[in-house]
Amino acid sequence: MKRMRINAGKVGLRFRNGDFKGVITEGVNWIGLLEDVYVYDQSVQFQPMIDLNILIRESRLREMLELVEVGDSELALLYADGNFKEILKPGRYAFWKGLNKFTFRMVDLAQPSIPDDIDISVISRNAFIPFVLSCTIASFENGLLFVDNRFVKRLEPGKYLFWKTLKEPTVLKVDLRQIQMEISGQEMLTADKAALRMNFFVRYQVVDVVKAVQDNKDFEKQLYVLVQLALREFVGNLSLDELLDSKQQVTANVLKSVGAKSNELGVQILDAGVKDIILPGDVKEIMNRVLVAQKQAQANVITRREETASTRSMLNTAKIMEENEMLFKLKEMEY
């Protein structure tokens with residue numbers, strides 16, 4: 001026999017020729033000369049040298065251990081004396097009873113939402129990074145939560161945490177601010193076959209996130225095409241002169257044509273307008289000639305009007321001098 005002392009907070013397991021023989025606890029113990037003793041700290045997880053199922057056949061050891069089974073679709077949060085210690089992955093675990101109070105919080109990974117009663121300060125630790133998906137929705141955004149490619153709910157601004165599972169959640173964010181869309185360089189023909197390019201803008205805002213993202217694919221591209229077609233249709237029914245004289249009508253017509261259809265996309269058009277109408281060089285030259293001719297004609301009319309007024313004034317003066325000899329003499333002296 002040989003003497004073996006076990007300190008407080010320790011437990012010894014006796015082995016002989018590799019076979020488990022029993023447990024020795026705190027104090028002085030006598031063991032056989034051919035036996036080996038492995039000492040374990042009761043403040044930490046029990047890490048057996050041989051298969052756990054063999055060890056717990058011994059009733060005394062089984063009563064000293066708390067066994068935890070973590071399923072394939074689960075995680076277990078380990079707390080020691082009320083403080084979080086670590087995450088337990090799927091598997092079988094054993095912890096010593098008595099010295100520390102170990103508690104376990106089982107987490108079902110089939111549910112991506114993290115329960116509210118789990119302290120967020122705990123989830124924010126580095127140990128949770130491989131298991132938690134963090135998402136922040138800004139104050140000017142809304143989000144759509146999808147799990148396994150299925151829409152679950154709309155998310156308001158805030159911070160959200162989800163478990164990473166086989167059905168990993170996905171969050172799509174949508175900007176709710178006013179957005180300006182440029183429809184530039186649109187080449188089109190007027191009713192009188194005049195070629196031109198037009199730059200147009202539309203200011204819109206997403207008002208229904210679910211419609212915009214869930215019910216429509218690429219709602220921004222669809223809105224672009226709607227405005228483009230409405231613009232081409234209206235311009236194609238006007239002559240070049242009518243178009244240049246009625247830019248405001250272009251805007252009003254596009255807003256009227258696209259307004260109802262944009263509601264189906266979950267967006268509201270707030271404003272629109274023509275930025276530029278760009279004419280080809282030859283058309284621009286012709287219009288400049290017309291403008292010059294018009295201004296020249298106006299100048300000629302003004303010149304003739306002034307000449308006529310001057311002649312009429314001279315005639316009136318001559319009549320007055322003819323009737324008044326004194327006035328004639330004064331005029332003669334002036335000259």
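Guide: A word on conventions comes first. The model is predicted, so local features need pLDDT of at least 70 and side-chain atom pairs count only at pLDDT 80 or more, whereas totals for chains, interfaces and linings use all residues. Residues are numbered from 1 along each chain as its sequence is written, and side-chain values use heavy atoms, with hydrogens and water left out.

Visitor: How many helices and strands does the protein have?

Guide: Helices (H or I, at least four residues) and strands (E, at least two) are DSSP runs, numbered from the N terminus. The protein has nine helices and 18 strands. Its radius of gyration is 46 Å, well over the 20 Å that the globule rule gives for 335 residues, so the protein is more spread out than a compact globule. That radius is taken over C-alpha atoms, and the rule is 2.2 Å times the number of residues to the power 0.38. Along the principal axes, the C-alpha atoms fill a box of roughly 165 × 50 × 30 Å.

Visitor: What percentage of the residues is buried?

Guide: A residue is buried under 20% relative accessible area, exposed over 50%, and partly exposed in between (1.4 Å probe, protein chains only). Buried residues make up 34% of the 335 residues here. By the Shrake-Rupley method with a 1.4 Å probe, where only the protein chains shown count as cover for residues, the protein exposes about 21,100 Å². Carbon and sulfur atoms supply 49% of that area.

Visitor: Which share of the contacts joins residues at least 24 apart?

Guide: A contact means heavy atoms within 4.5 Å. Among contacts between residues at least 6 apart in sequence, 63% join residues at least 24 apart.

Visitor: How far apart are the mean positions of the positive and negative charges?

Guide: Lys and Arg count as positive and Asp and Glu as negative, while His and the chain ends are not counted. Each charge is placed at NZ of Lys, CZ of Arg, CG of Asp or CD of Glu. For the 45 positive and 46 negative charges, the mean positions are 7 Å apart.

Visitor: Which strands pair with E7, and in what sense?

Guide: Two strands pair if DSSP finds at least two bridges between them. E7 and strand E10 (residues 102-108) are antiparallel over seven bridges, and E7 is also antiparallel to E8, over five bridges. Leu77 stands opposite Arg105 in E10, and its bridge partner in E8 is Ile87. Six of the seven residues of E7 are buried, so the strand is mostly covered.

Visitor: What is found in the turn of the hairpin of E7 and E8?

Guide: Two residues lie between these strands, and Asp81 in the turn has a positive phi of about 55°, although Asp81 is not a glycine. The loop that holds Asp81 runs between strand E7 (74-80) and strand E8 (83-88). Asp81 is partly exposed, at 49% relative accessible area.

Visitor: Which residue takes a positive phi in the hairpin of E2 and E3?

Guide: In that hairpin, which has two residues between the strands, Asn17 takes a positive phi near 55°. Asn17 is exposed, with a relative accessible area of 70%. Strand E2 (residues 10-16) and strand E3 (residues 19-24) run antiparallel, joined by five bridges; Phe15 stands opposite Phe20 in E3.

Visitor: What does Gly273 touch?

Guide: Gly273 is in strand E18 (residues 267-278) and counts as buried at 6% relative accessibility. Residues up to four places away aside, Gly273 touches Phe200, Phe201 and Thr251. The C-alpha atoms of Gly273 and Val250 are separated by 7.8 Å, at 23 residues apart along the chain.

Visitor: Where does Ser239 lie?

Guide: Ser239 lies in the loop between helix H5 (219-235) and helix H6 (240-245). Ser239 is buried, at 19% relative accessible area, and touches Thr190, Ala191 and Asp192, not counting residues up to four places away in sequence.
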